[in-house]
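Take a moment to look it over before going on.

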There are 2 protein chains.
Amino acid sequence: MARANLSTEAVVDLAVGLVDEDGSAGLTLAKVAAAAGVSSPSLYKHVANLAELRTLVSARVAGELADAVKTAGVGRAGEDAIGACMHAWRDYARARPHRYAALIQRPEPHTGKAAQPLLESVFAVLRGLDLAEDDLVHATRCLRAAVHGFAILEADGGFGLPESIDDSFALMVDMVVASVRSRT
Amino acid sequence: MARANLSTEAVVDLAVGLVDEDGSAGLTLAKVAAAAGVSSPSLYKHVANLAELRTLVSARVAGELADAVKTAGVGRAGEDAIGACMHAWRDYARARPHRYAALIQRPEPHTGKAAQPLLESVFAVLRGLDLAEDDLVHATRCLRAAVHGFAILEADGGFGLPESIDDSFALMVDMVVASVRSRT
DNA sequence: GAATCTTGGCTAATGGTGTTAGCTTTTTAG
DNA sequence: CTAAAAAGCTAACACCATTAGCCAAGATTC
């Protein structure tokens with residue numbers, strides 16, 4: 001009966017789709033199994049358990065986001081590149097809020113590991129400016145924190161007031177760019 | 001048998017304690033009931049369901065954090081107050097990472113409502129500077145996003161590199177302060 | 001002071017979930 | 001062609017949230 005063409009990759013695909021619809025909390029092995037046309041215990045042939053599946057989803061999202069950020073940076077330099085990457089980051093989160101929120105999985109401290117490619121993308125952009133080595137680290141952390149904080153709050157509907165969120169984000173970009181400029 | 005001195009307040013107290021230990025995902029009505037010395041169905045006399053309990057925990061945390069931020073701001077003015085509030089915010093998150101992470105509850109868009117007092121605290125601090133009305137909104141959003149992003153990443157162990165996290169946060173504070181200064 | 005109502009607890013039961021164990025069938029390898 | 005591995009299945013268990021219905025304690029009212 002090995003007919004359903006499953007694989008770890010395919011299971012993660014389905015899981016990501018479910019996360020898009022119902023959010024990360026709504027992700028359940030039973031639903032994934034149903035979507036795959038398979039009984040839930042069968043999933044354990046491709047995934048260790050629900051926690052691991054969540055970690056895999058997180059890694060998938062981190063990879064996608066890293067690609068988007070990296071792509072936005074090519075052909076640009078310096079402060080221009082910073083703004084482009086930040087916008088790409090936020091745009092990803094806006095396009096798929098639930099998926100973006102699944103980036104950080106609470107019980108796993110491995111998030112750092114999954115976010116590795118993303119960090120490298122940011123690092124690459126900031127490397128274009130001539131900052132001291134540890135300033136580079138601090139700047140990367142600040143950029144990441146700022147844009148992640150903004151993206152996650154926006155994805156959560158946390159900005160209730162009528163003022164333009166785009167304008168707020170423009171200010172955030174300015175903030176980061178100006179700070180980096182003052183350090184070069 | 002109305003002996004266990006329960007109340008909605010007391011249930012939230014216990015829930016917050018459990019969140020501190022096991023994280024928000026580890027919060028379960030069964031555990032709260034056990035901690036209260038009561039059977040789980042009894043909890044429904046004080047709380048509508050698990051989702052509501054999570055919302056209440058979120059509101060509790062928002063209130064505590066708002067107090068901490070407000071307290072840090074008294075007796076200070078302008079840029080000094082901004083830095084003090086940001087540090088108080090981060091310190092709260094560091095002292096109780098799990099509790100802090102429970103601030104934002106995914107399935108609820110009511111987070112905005114629970115975070116109201118917190119927003120007002122930040123607003124009060126920035127009001128001390130003479131910004132235009134909508135600049136005030138944008139600045140509040142940026143400050144909130146920046147410090148929340150930093151706090152949540154730090155609570156998650158997201159900063160793996162050996163460089164000083166305190167230094168990174170100092171840069172973040174500078175970033176926000178400088179941005180606000182340039183707008184006055 | 002007695003009767004009533006409300007409050008806050010209880011047990012029993014249901015449906016959904018993750019997970020394990022053990023079996024069977026299909027596919028692959030030799 | 002045969003044996004082993006891969007990938008599915010059913011049955012079963014423990015845990016959880018939630019509902020229904022019951023019962024006792026305390027407050028309220030006559």
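Which residues are buried in helix 8 of chain A? In this predicted model, they are A:Leu118, A:Ser121, A:Val122, A:Val125 and A:Leu126. These residues cover an arc of only 130° around the axis, so they sit on the same side of helix 8 of chain A.

**Helix 8 of chain A**
- Helix 8 of chain A runs over residues 116-127, twelve residues in total.
- From its first C-alpha to its last, helix 8 of chain A reaches 16 Å, close to the 16 Å expected at 1.5 Å a residue.
- An α-helix has 3.6 residues a turn, so residues three or four places apart point the same way.

**Chain A as a whole**
- Chain A has ten helices and zero strands, and along the sequence its pattern reads α-α-α-α-α-α-α-α-α-α.
- The C-alpha trace of chain A spans about 65 × 40 × 30 Å along its principal axes.
- Chain A has 184 residues, and 41% of them count as buried.
- If you take the contacts in chain A between residues at least 6 apart in sequence, 69% join residues at least 24 apart.

**How chains A and B meet**
- In the interface, 39 residues of chain A are in contact with 39 residues of chain B.
- On the chain A side, the elements that give two or more residues are helix 7 (111-114), helix 9 and helix 10 (165-181). Helix 9 of chain A gives the most, with twelve residues.
- By class, this side of chain A has 19 nonpolar, twelve polar and eight charged residues.
- The copies meet through the same surface, because 100% of the interface residues of chain A are also interface residues in chain B.

**Around DNA strand D**
- There are 21 residues around DNA strand D, and A:Ser42, B:Thr28, B:Leu29, B:Pro41 and B:Asn49 come nearest.
- The elements giving two or more residues to this surface are helix 3 (40-43) of chain A and, from chain B, helix 2 (29-36), helix 3 (40-43) and helix 4 (50-73).
- The residues of the surface near DNA strand D comprise 14 nonpolar, six polar and one charged.

Key:
Residues numbered from 1 in each chain as written. Chains lettered and ligands numbered in written order. Predicted model: local features only at pLDDT ≥ 70, side-chain atom pairs only at ≥ 80, totals over all residues. Near = placed C-beta within 6 Å. Helix = DSSP H or I, 4+ residues; strand = E, 2+ residues; numbered from the N terminus. Nonpolar A, V, L, I, M, F, W, Y, C, P; charged D, E, K, R; others polar. Contact = placed C-beta atoms within 7 Å. Expected span 1.5 Å × (residues − 1). Buried ≥ 20, exposed ≤ 12 C-beta atoms within 10 Å, placed from the backbone. Arc of directions from axis to C-beta.
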